[in-house]
There are 2 protein chains.
Amino acid sequence: MIEFPRSKATASLALLMAACAQAPPTATGEQPPNIVIITADDMGYGDLGSFGHPNIRTPHLDRMAQEGQRWTSFYAQAPVCSPSRAALLTGRVHLRSGMFGRRQAVFFPDSRAGLPDEEVTLAEALGELGYATGIVGKWHLGHLPPYLPTRHGFDSWFGLPYSNDMDQNLPEGSSNQSASFEPKIEYWQVPLIRNETEVERPADQTSLTRRYTEEAVAFIEEHRDGPFLLYLPHSMPHIPLFASDEFRGRSTAGIYGDVIEEIDWSVGQVLAALDRAGLSERTLVVFTSDNGPWLSYETHAGTPGLLRHGKGTTFEGGMRVPGLFWWPGTIEPGVTQEIGSTMDLFTTAITLAGGQVPDDRPIDGVDLGPVLFGEGGSPRDVMAYYRMGELYAFRQGRYKVHFVTEGRYGLAPERTDHDPPLMFDLDEDPSERFDVAMERTEALAAVVAAAEQYRANMTVAEPLFDARGGS
Amino acid sequence: MIEFPRSKATASLALLMAACAQAPPTATGEQPPNIVIITADDMGYGDLGSFGHPNIRTPHLDRMAQEGQRWTSFYAQAPVCSPSRAALLTGRVHLRSGMFGRRQAVFFPDSRAGLPDEEVTLAEALGELGYATGIVGKWHLGHLPPYLPTRHGFDSWFGLPYSNDMDQNLPEGSSNQSASFEPKIEYWQVPLIRNETEVERPADQTSLTRRYTEEAVAFIEEHRDGPFLLYLPHSMPHIPLFASDEFRGRSTAGIYGDVIEEIDWSVGQVLAALDRAGLSERTLVVFTSDNGPWLSYETHAGTPGLLRHGKGTTFEGGMRVPGLFWWPGTIEPGVTQEIGSTMDLFTTAITLAGGQVPDDRPIDGVDLGPVLFGEGGSPRDVMAYYRMGELYAFRQGRYKVHFVTEGRYGLAPERTDHDPPLMFDLDEDPSERFDVAMERTEALAAVVAAAEQYRANMTVAEPLFDARGGS
C-alpha cells in the first residue's frame with residue numbers, strides 16, 4: 001500500500017472570493033442548487049437510446065433526456081481524456097493550464113506532472129461558496145501527491161488516478177486491442193484510491209461501476225442538507241471493459257452494451273437517491289462523456305452514431321458527445337442544438353451557486369443558463385478543436401474548418417495538412433462528408449479569420465504531459 | 001388531361017370473407033380500430049430526433065415515439081420503392097407478386113405492368129371488413145388504369161402514380177444529382193391524380209406535402225364514424241426536394257431538413273385531427289419509411305445514422321427504417337428491438353380488424369400485436385433482403401449473412417459475391433463493420449441453412465418491372 005502524504009492546502013482563491021462577498025443570488029431564492037456532474041469515459045455520441053442506439057437500453061438516461069434537456073451539439077473540449085477533464089474542471093481550454101503534450105496525449109503512470117496548483121477547479125470555486133465537494137471516479141490530472149483531487153478542492157475522493165488500461169501487466173504475446181481478448185483484473189495493476197490512500201491494487205474493475213455508485217449515493221445521503229458538488233467520472237466504458245455479475249451478459253449488445261447499461265443503472269441510482277432525499281428539485285444533474293468512442297477497439301468501443309470518426313480525432317465523432325441536463329421544475333424540457341462545451345459547466349455551476357468565475361485569468365466557459373431556463377440562446381458560438389496543443393479545427397456557428405486532420409486514434413497517424421482548409425456545414429452535413437470550402441469562400445474567410453484570432457488570443461502554458469520517467 | 005376509364009371491380013375475396021363470417025373480435029370490444037399508415041419516401045434511419053438526428057426537429061414524431069412504441073429493428077421489405085410498397089400492401093415478399101425486375105428496380109412511366117389483380121391488398125381486406133379506405137400520396141405499383149389504387153381496394157386516391165423525379169424534363173446539360181441543383185416544378189411532368197383522373201400536370205410539388213395533409217385530415221373528418229384505413233405515403237423526401245413556403249428555410253438542416261420538418265408537421269396535423277374527432281384512442285397510427293436514404297444525393301439525402309449504406313443496398317442502411325406505433329391507451333409505450341417488417345402491418349391490421357389473412361396463398365406478414373400490447377415478443381425472427389429478385393442477405397436473430405453486396409445506389413454497381421458469406425452480429429455490431437463468419441462457424445452454418453430454406457420456400461412470380469416501352 002502506498003500512502004500519499006498530505007501537503008499544503010488548495011490554491012489561494014482571494015480573487016474569486018472578493019467577487020462573492022455578498023450573499024449569492026440563487027435560482028430558488030433559497031440555498032443554491034446541488035451540482036452533480038456524471039461523465040462516461042470514451043462513450044460515443046450514438047451510444048444512448050435517446051441518441052439513436054438501436055439496442056443499448058438506457059431508460060434512466062432517457063428519463064433525464066425526457067424530463068430535462070438533451071443537447072445535440074455538446075462538446076468535450078478535447079478528443080482524449082486528461083485535457084478534456086482539465087478543461088471541464090477549470091473552465092479553460094487545456095492549453096492555458098499546460099494540460100497537453102507535444103509527444104504525449106495524456107498522463108501516464110510514469111508522468112511527473114499534474115494539474116498546476118494555481119488552477120482554480122470547480123471544486124475549489126464551489127467549496128469556497130460553501131459547497132461540500134466529492135469526486136467518485138477517475139481523476140487523470142496527475143497521480144502524484146501534489147496533484148490529487150484532494151489538493152484541488154475536493155473534500156473526498158474514491159477512484160482511479162488514471163485510465164483503467166494503464167499499469168499493464170498483459171500475458172506474453174497477448175494484445176488487448178482485439179475484440180476476442182478476454183480481460184482479467186490482474187492484467188492491469190491500477191490502484192484504487194480513497195482520498196490519498198491506496199486501498200486496492202489491482203483495482204477490482206468488475207465491481208468498479210457498482211462501487212462508484214454506492215459511494216455516490218452515500219455522498220448524496222451524507223450531504224443531503226447541501227449544497228454539494230458531486231463529480232462522478234466513471235472509469236467505464238474505457239477499455240478494458242468490465243461489468244458486474246448483474247450486468248454481464250444482460251444487454252444484447254455484448255460487453256460494451258453491458259457496461260453502458262450498468263452506467264445507466266448507476267444514473268438511475270443517483271436520481272433515485274436524489275428523489276429519496278427530496279433533492280430532485282434542488283439539484284442540477286449533468287451527464288456527458290470525456291470524448292468520443294475509441295473505435296480501434298471494434299466491438300469493445302462505442303459508436304459515434306452519424307458523426308465521423310472517434311476518440312483521438314478532431315472530427316465530430318472525437319469530441320461531440322451526449323449532453324443531458326436534468327433539474328425537474330427548473331430546466332425547460334426539450335432538445336436543443338445550441339452549442340455547449342464541458343468547459344461551460346464550470347461557469348454555469350458557479351453562476352448557479354451565486355458566485356463569479358475568477359477574473360484574474362482567461363476563462364473560456366460560458367453560462368449556459370439562458371438555454372437551460374428557456375430564456376435565450378447559448379452565448380457559445382465557437383468550438384476550438386485542439387490536438388496535441390495544436391488547433392486542428394474550428395467551428396463558428398454552422399461552419400467547421402479543418403486545418404489538420406488525422407485518422408482514427410490507435411491506428412497509424414495519417415496527418416494531413418489542409419491549405420485551404422476543409423470546411424463542412426455541420427447543420428446540413430453533420431457527418432462531415434461534403435467539403436464546401438471552395439463553394440462558400442466568404443464563409444470560409446470569416447471562419448478562418450475567427451480561428452486565427454482565437455489561436456492568437458490563446459495563452460499557452462508549457463506542456464506538462466511530456467515529462468515522464470521514474471516511477 | 002387524361003382520364004383513366006374505370007374497369008372491373010377488385011379481386012375476389014371469397015376466401016378472405018369465408019374466414020370472417022362471424023363477428024370480428026376487436027381490441028376494444030366495440031368497433032375495430034381505425035388504421036393510419038404514414039410513410040416517408042427515402043427517409044433514413046437517422047433522420048428523426050428520436051432516432052438521433054442532431055438538428056432536424058421532429059416534435060410530433062417524437063411525441064408518437066414517446067407516447068407509443070419506437071421500433072429500432074423495423075424494416076422496409078425492399079431497398080427501393082415499388083417492391084417495398086407491394087410488400088407493405090400485400091403482406092407478402094414482393095417476389096411472390098412479381099413486383100421486381102431482373103433489369104429494372106422499380107416501375108417507370110413507360111412500364112406496362114402493375115400490381116396483379118389477384119393480389120389482395122390491405123385496402124381490399126379491410127374494405128371487406130367494412131372499412132372505408134383512402135390513399136393520399138404516392139402509389140408506384142403501376143400507373144396504367146388496371147393497376148391504380150382504386151382498382152386495388154381503395155375508395156379514394158389523391159396523389160402521384162410514381163416517384164416525383166420521373167417524367168424528367170431537365171434543362172439541357174443539367175444534372176439533378178448535385179446538391180447545388182435548384183429544382184423547378186416544370187422539370188418534372190409528374191401528374192397528380194384524384195381517383196382515376198389527372199387533375200394537375202406537372203404536379204405542383206411545392207405544395208404536395210401540404211395538400212396531402214389537407215386531404216388526409218378531410219378523410220379523417222369525413223370518416224370519423226369509422227372504421228377506416230388511411231394510407232398516407234408521402235412523396236417526400238424523395239428527390240427533387242420541395243417544401244411549402246412555410247417550411248422552406250425553416251430548419252437549420254437545409255432543404256432536406258425543411259422537408260422532414262414539414263412531414264413532421266403533417267403528422268402533427270393528422271394526430272390533431274384524430275384528437276379533434278375523438279378518435280385517438282380508437283386509431284393505430286404507424287409511421288415508417290419505404291427504404292433508406294438515397295445517399296448519392298449528398299445533402300439532398302437523409303442519413304442512415306449509425307447504419308451502413310443506404311437506399312438500393314441490402315446493408316442495414318438500405319432497409320432498416322424508423323418504426324413508430326401510436327395508439328394511446330392501448331399500445332404499451334416504450335422502445336423495442338424486436339424485429340418487424342412493413343409486411344407485418346398487413347397481418348397486424350387485419351387481425352386488429354377482427355379478420356383473418358387470406359389462406360389461399362403464402363402470407364409473410366406476422367401479427368405484431370404481442371409486442372404492441374406488451375404481451376410478448378415478435379413472431380418475426382428473420383428478415384430476407386432481396387435485391388432485383390435475388391436474395392442478397394438474410395437475418396436470423398442477431399446474425400445477418402451477406403451472400404452478395406453492392407455499393408451505394410446511384411453509383412456504379414460493384415457487385416461482390418461472398419463465398420463464404422459475410423456474417424455480422426447486428427446486436428453487437430449494428431454498423432456491419434466486423435465480419436465474424438470465420439469466428440462463429442456454427443452460427444454461420446445455422447443462418448445459411450435458414451436462408452437456403454427460406455429461398456427454397458419462396459414462390460417467385462414472373463418479374464413484372466422489366467416490361468417497358470410505349471407511352
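**Exercise 1.** Which residues in α5(B) and α6(B) meet?

Solution. The model is predicted. Begin with the α5(B) side: B:Thr209, B:Tyr212, B:Thr213, B:Ala216, B:Val217, B:Ile220 and B:Glu221 take part. On the α6(B) side, their counterparts are B:Glu262, B:Ile263, B:Ser266, B:Gln269, B:Val270, B:Ala273 and B:Leu274. Sorted by type, the residues of this contact between α5(B) and α6(B) are eight nonpolar, four polar and two charged.

**Exercise 2.** State how α5(B) and α6(B) are oriented to each other, roughly parallel or roughly antiparallel.

Solution. Two packed helices are described by the angle between their axes and the distance between the axes. Helix α5 of chain B covers residues 208-222, and helix α6 of chain B covers residues 254-276. They pack at an angle of about 10°, and their axes are 9 Å apart. Angles under 35 degrees count as roughly parallel. Therefore α5(B) and α6(B) are roughly parallel to each other.

**Exercise 3.** Give the strand order of the open four-stranded sheet in chain A and name its edge strands.

Solution. The order is β11-β12-β13-β14 in chain A, and the pairing is antiparallel. The edges are β11 (382-387) and β14 (416-425) of chain A, each of which pairs on one side only. From one strand to the next, the twist averages 15°.

**Exercise 4.** Describe how β12 and β13 of chain A are joined, and find the helix that lies across the sheet strands.

Solution. Strand β12 (residues 390-396) and strand β13 (residues 399-405) of chain A run antiparallel and are joined by four bridges. A:Gln396 has A:Tyr399 in β13(A) as its bridge partner. The helix is α10 (residues 441-457) of chain A, which lies across β11, β12, β13 and β14 of chain A. Helix α10 of chain A runs at about 130° to β12(A).

Notes:
Residues numbered from 1 in each chain as written. Chains lettered and ligands numbered in written order. Predicted model: local features only at pLDDT ≥ 70, side-chain atom pairs only at ≥ 80, totals over all residues. Pairing = 2+ DSSP bridges. Helix = DSSP H or I, 4+ residues; strand = E, 2+ residues; numbered from the N terminus. Axes fitted to C-alpha atoms, helices over the stretch in contact; angles between N-to-C directions. Contact = placed C-beta atoms within 7 Å. Parallel < 35°, antiparallel > 145°, perpendicular 65-115°, else oblique. Nonpolar A, V, L, I, M, F, W, Y, C, P; charged D, E, K, R; others polar.
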